Every structure is written in C-alpha cells, then in structure tokens.
Amino acid sequence: MKSSVSSCDLYPLYPESMILNSTVEFSSSRISDTTGINAVPILSSKDIIKTLILRNVGLSGSIPPYIWNLKKLKTLDKDTLIRTIDCQCHGLMDQGFLHINCGGGNISITNSSYETTYEADNNVTTAATNQHFKNWGISNTGEFTDDDQENDYYFFSKLSRDSSELYKTARRSALSLVYYAFCLKNGTYNVKLHFMETQFSDDEPFSRLGRRVFDVFVQGELFLKDFNIKKEAKGTLKPFVKEKKVNVTNHMLEIRLYWAGKGTTLIPSRGNYGPLISAISLCHQSKYPALLLQKP
C-alpha cells in the first residue's frame, strides 16, 4: 500500500519529528508541499518500504543511518535535503577531484601531460530517483509525460563530430537534475561543465528550430540563466565547456540543472526538452594546480 501527505494546511498535525506508524505496512510513502516536518520521519514499515519521497517540506539536518540500511528501498527523493546529507566519510574529508561521464561508462581522456579518468554515470534512473555512490550522488526529478515512450529514458548517446569519448553520451532530465559531491577537501575548486546538443540537428530544417533552455545552479547560486547549449556552442554536435571557481566550506558541492518551462518541447518530437549534460569535472585549486593550467 501507499501513503501520501500533502498541502500546506496540514502544519498543525505534524511535530518536528514525525513517526509514520500504522497497523498497515506501507511500501511507498510520499510527503510533499507541507511544513512542520523538520526531520526525516521514523518509519514503521522498514522491512518493506521501497519508495520514500520527501519533497518541499523544509527538511534540514542529516539523514538517519537506518535509511541507508533499508533492504528494499530503491527510490529516495529528498529534494533539498541532499545539500545537508551526512555522507559518512569517516573523517576522511580529503577528496580533491571528481570527474563524471554523464550518461556513460568509465573512460580515460589523455592529454599531452596527464590522463583523466571519468567515472561511469549510467545507472538507470526514474522520474523520482536518488542514487548514492562512494563520494558523489545524483538526484533526478521529473517525467516526460508528453512523449510517446512507455518508459522514459534519461541518458542519450549519439556519435558527434568531436573525437572525444566525453561527448558521446549525456544525461538528461524532464525537470531537475542534481549532482552532488561530498567528502571533499575544503577550499577553491575549478568546476567544468561539459555540454553538447545532441537531440537537435542543424542538418534537418525542422530539427534546427529546436531550443533547449534551462538554468544551472552551483552551490545554490544561479550560475547560468536561460542556458542554451546550441546557442553557446554555435551549433549542434559541438562541444562547449563552462568553467567556474567554487568555494567549498562544508565538504560538499552541489550542481543543479533545472528546466523552468522555457524553450521548445515538440521539436523534432515530443519530449525533447529539459537539462542535458555530457560530463562534470571538478579539481581542488591548491592540491592540483598543474591540472588547472591544462585544457581537458
């Protein structure tokens, strides 16, 4: 069975620490758009819970350790809570770099003086998914309800004019796509976001009219407003990199791509919209100064 709680008018009913307890065991619990719930609820159906969605409820603090031990939990959508996640780094807050091949497998990119290994990001995601790895995670929210696909796909693969393996895959989202790194060494990081427009084609008259427009937030601050990959790269199937210096003070770094309903949605077919990204690279400035002088 499922439980669902929503509406801002329910504030008086819920204490700061909420207990979901019932004689009926729930396999799915969804709590959204309400206030007064300031901590992750205590679940009575720990052995069978498969989906836990806590969205727009003003949560803060760390995730209770028991959440990670839920045997059947497959989906955890905790929205803004990810920026206060207790990542259980066991005191080892010294990670100084991270490279992710969005939508693809492990690859190594070799330049003139060094080799960079990008970690795989090809696990299956759904309309409400949060995945937690060793020192990074990903959260996807949104469903392509207007396309003709029975099952939405959230990564995209296409041959490009660029020889780099880095742009042959990409991850997309219908609404919000969040990458977060943790266990990081505090300090200044050089963040590189790699993009390539692969769903539109300049060679097809109708397809070239497509416009993908979305926003990018880094550490909660707006970095790119109404970002259009094709416009910035001056064409489709062309790589484009945006760089930003970011200060990390709590051993965490968050990158959020968000579709605000702008751009086209029907070109060249229904469902071609939303954030799209090919790769992410971040490197600590003081620990790896030589790498920052190179252009990967």
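Buried means under 20% relative accessible area, exposed over 50%, and partly exposed in between, with a 1.4 Å probe and protein chains only. This is a predicted model, in which local features need pLDDT of at least 70, side-chain atom pairs count only at pLDDT 80 or more, and totals for chains, interfaces and linings use all residues. Residues are numbered from 1 along each chain as its sequence is written, and side-chain values use heavy atoms, with hydrogens and water left out.

**View 1. Asp-121 in strand 9.** Asp-121 lies in strand 9 (residues 115-121); strands are DSSP E runs of at least two residues, numbered from the N terminus. Asp-121 counts as buried because its relative accessibility is 2%. Its side chain makes a polar contact with the side chain of Arg-171 at 3.0 Å (a pair of N or O atoms within 3.5 Å, one able to donate a hydrogen and the other to accept it). Beyond neighbours within four places in sequence, Asp-121 is in contact (heavy atoms within 4.5 Å) with residues including Ile-100, Trp-136 and Tyr-179.

**View 2. The open sheet 12-13-20.** Here 3 strands pair antiparallel in the order 12-13-20; pairing takes at least two DSSP bridges. Strand 12 (155-157) and strand 20 (276-277) are the edges; each has a single partner strand, so one side of each lacks a neighbour in the sheet. Strand 12 and strand 13 (residues 169-172) are joined by 3 bridges. Phe-156 sits opposite Ala-170.

**View 3. Lining of the second largest cavity.** A cavity is a set of points on a 1 Å grid where a 1.4 Å probe fits but cannot get out; lining residues have an atom within 4 Å of a point. The second largest cavity holds about 40 Å³. Its lining includes Leu-98, Ile-100, Trp-136 and Tyr-179. Strand 14 gives the most, 3 residues.

Conventions. Helices (H or I, at least four residues) and strands (E, at least two) are DSSP runs, numbered from the N terminus. On a 1 Å grid over the protein atoms alone, a cavity is a set of points where a 1.4 Å probe fits but cannot get out, and a pocket is an open set with protein on both sides within 12 Å along at least five of seven lines; lining residues have an atom within 4 Å of a point. Grid points are joined across faces, edges and corners, and a volume is the space filled by probe spheres set on the points.
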